[in-house]
Amino acid sequence: MSHNAIESTLQENRTFPPRPASEFGFPKWHVDSLDEYKSLHARSVQDPEDFWRDEAKRLDWFRPFDSVLEWHSPDAKWFVGGTLNACYNCVDRHVQNGHGEEPAIIWEGEPLGPRTSHAAAGSNYAREPEVRVLSYRELQREVSRFGNVLKSLGVKKGDVVTIYMPMVPELAIAMLACARIGAAHSVIFGGFAPSAISERVMDAKCRVIVTADGGFRRGDVVKLQENVEEAINHLANHGHIVNHVVVLRRTGHVPPSQRFADGFHQGSTTWHWWQDQMARASEACPCAEMDSEDMLFLLYTSGSTGKPKGILHTTAGYLAFVQMTARLTFNLIPDSGQLFWCSADIGWVTGHSYVLYGILMNRIPTLMYEGAPNFPTLEGGKGDRFWDIIARHRVTHFYTAPTAIRTFMKWGDDLPARHDMSSLKVLGTVGEPINPEAWIWYHKVIGRERCPIVDTYWQTETGGHIGTPLPGAIPTKPGSCTLPMLGIDAAIVNEQGQELGPNQGGLFVIRKPWPGMLRGVYGNRERFISNYWGRVKDARTGQPCYFSADGARRDSDGYFWIQGRIDDVIKVSGHLLGTMEVESALVSHPAVAEAAVVGVPHEIKGNSICAFVTLRPHWLISHKREPDQSLKNELIAHVAHEVGALAKPDQIRFAEGLPKTRSGKIMRRLLRDVASGVEKITQDTTTLEDFSVVAKLRADEE
């Protein structure tokens, strides 16, 4: 085998066929057979202009587009000459079509209120949560008011507004208000530190920030306003002035003596209270007419090196793509009693596409939850808040991350068993490849062996799903994102751009443009080209391919298996191994809750494999086992059996927890430093959720 190929010997043969739509109370599956999918996909890549012309008709346009696509690689212009508005397509058209009183957003805060004599139906708690329901008409009013607030602060069409807020309805309102008046939003996840805020504000040239005094997380207050103040001071020292900050009163943790009056001036920055500004704002705010290629939003992604990249998405292409992917992936059907819950924070692209834009455009109510899955904390740090929410609100679609699923597995099966989750119809995973055993647990324990699981693969840069099963058409295999989304011409190629055969690992690329694709890296043309278009050319046409930076393979059925970032591949004795396959083998052992694999320099092999493993306490107790050398040897032998002797870890380190970003991805680059004995961590840790996890791992090593 070529040394450029990623070894792929882990096999997964379990297959789960689609079930009839009638079993779930759906009138239909939008795509209801594999043959129909294949026919639609062939049309979408062979005649993309005709296909996307039909999809674009699902949007409401102020002016129809003249042509579907202008493509001068790597630059695309979609729906050229057309004008529309994102907020209009998410909110106003539903009001105008007679659906104004229907729920648009159902929100639940993390804190629980005073004790009540009885819990809500299906609830495991004796205290009531804070719940708000916004209809489309109410959402339209609030968005219009805040659009006028932004205008009063000097925000104009084409400006960028930074939003740094907790998961509250006002976050969605602020985003839609930006879209309404033609400003682009740049949402920063509420867990980021002041340095990350200032870096993103300066890069986007923002002059207005929307934030809150704080947010709630695991019972504590995240002090957002203080972080913004520190960021503004840092920006001022570097010559960048933020003119206005709007602050939502959410937690009220700031003492009254330190609260500012609305319009308080601090240096060159004026501070405003959200509530005071909204009280005097008009509800009359027309939707701006936006060109199809006008910027809708910036969203910053972090790499292992270099500054965060401002991924630029434009209006029409993004809307057309996310409305289609949301509709088909989750089989969204208005007026069928559906309630969609994506547990991601809106600060990530998953929240943009599948908490907000894709769901609202399809006229399905979307649920937002402010806090963590383990608040209130139960015995042993566990929590069943997610299952409580699903039971009380009768959620039909649940979309979450494999990291969360593995955590739920570790907490045990008894917590979800306490709740009536019979309302669930479709389950989804997002954020990283899911280990087959975690997939099976999700299928059995949460889906009760009936709900289809859509294992979605995509990136900030792609706008929406590029690989996923369609629940009524495509048989699923645990751990595979199955087949490409309609309109996606995906392939596994080598460095020369030649398509590889079945089970040959290579580079995941997309060979033709699609509407949801990024249009650039804000202010950095060279980085846009080098990061995404400079590595692989299609051997057939000589045209640059979009390179995802992921390694993958296709099996004999044409299913894609994502093996992780190319920089997460380990070369052992001249062979490239995907970390995903070794991790999946470890997690398939009943003792293991979660695993992360990294390469460590080795004088003979080039690299050796070091595995960090968290264990299931229940399994250890029930099997009277200890986290000792005997268990390590058993896990090493298990990997050799599942993947092959080449993949055997040289080291296994037991850990209480693994370092993760605030979106739940394991930070393997930090684990490499720990495994290699690096004395001082010098890498960017602004996305790290809990640095004490790294400190604990280093202390254990010492």
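**A guided chat about this fold**

Student: Which residues does G383 touch, not counting residues up to four places away in sequence?
Tutor: Keep in mind that we're looking at a predicted model. G383 sits in the loop between strand 19 (366-369) and helix 11 (385-393). Leaving out residues up to four places away in sequence, its contacts are P373, N374, P376, L378, W411 and L415.

Student: Is G383 buried or exposed?
Tutor: Buried means under 20% relative accessible area. G383 has a relative accessibility of 1%, so it counts as buried.

Student: How far apart in space are G383 and G371, C-alpha to C-alpha?
Tutor: Along the sequence, these two glycines are 12 residues apart. In space, C-alpha to C-alpha, G383 and G371 are separated by 12 Å.

Student: P376 came up as a contact of G383. What kind of peptide bond runs from F375 to P376?
Tutor: P376 belongs to the loop between strand 19 and helix 11. Omega for the bond from F375 to P376 is near 0°. That peptide bond is cis.

Student: And what is omega for the cis peptide bond that joins S73 and P74?
Tutor: Look for P74 in the loop between strand 2 (67-72) and strand 3 (75-80). For the cis bond joining S73 and P74, omega is about 5°.

Student: R363 has a positive phi although it is not a glycine. Is R363 buried or exposed?
Tutor: You'll find R363 in the loop between helix 10 (349-361) and strand 19, with phi at about 55°. The cut-off for buried is under 20% relative accessible area. R363 has 12%, so it counts as buried.

Student: How many residues of helix 16 are buried?
Tutor: Helix 16 covers residues 579-587 and is mostly covered. Its buried residues include T579, M580, E581 and V582.

Student: Which residues touch the most other members of the largest nonpolar core?
Tutor: That core has 152 residues. Apart from it lies another core, of 30 residues, with I106, V395, I405 and I453 among them. Back in the largest core, the residues that touch the most other members are F146 and Y357.

Student: Which residues does F146 touch, not counting residues up to four places away in sequence?
Tutor: F146 is a member of the largest nonpolar core. With residues up to four places away in sequence set aside, F146 touches I173, A174, A177, V210, V246, W274 and M278.

Student: Let's zoom out. What is the radius of gyration of the protein chain?
Tutor: The chain folds into 20 helices and 32 strands, and its C-alpha trace spans about 70 × 60 × 55 Å along the principal axes. A compact globule of 702 residues would come out near 27 Å. The chain agrees with that, because its radius of gyration is 25 Å.

Student: How far apart are the mean positions of the positive and negative charges of the protein chain?
Tutor: The chain carries 75 positive and 82 negative charges. Their mean positions are separated by 1 Å.

Terms used: Residues numbered from 1 in each chain as written. Predicted model: local features only at pLDDT ≥ 70, side-chain atom pairs only at ≥ 80, totals over all residues. Heavy atoms only, no water. Helix = DSSP H or I, 4+ residues; strand = E, 2+ residues; numbered from the N terminus. Buried < 20%, exposed > 50% of the residue type's maximum accessible area, 1.4 Å probe, protein only. Contact = heavy atoms within 4.5 Å. Core = buried A, V, L, I, M, F, W, Y, C linked by side-chain atoms within 4.5 Å. Rg over C-alpha atoms; globule rule 2.2 N^0.38 Å. Lys, Arg positive; Asp, Glu negative; His and termini not counted. Charge placed at Lys NZ, Arg CZ, Asp CG, Glu CD.
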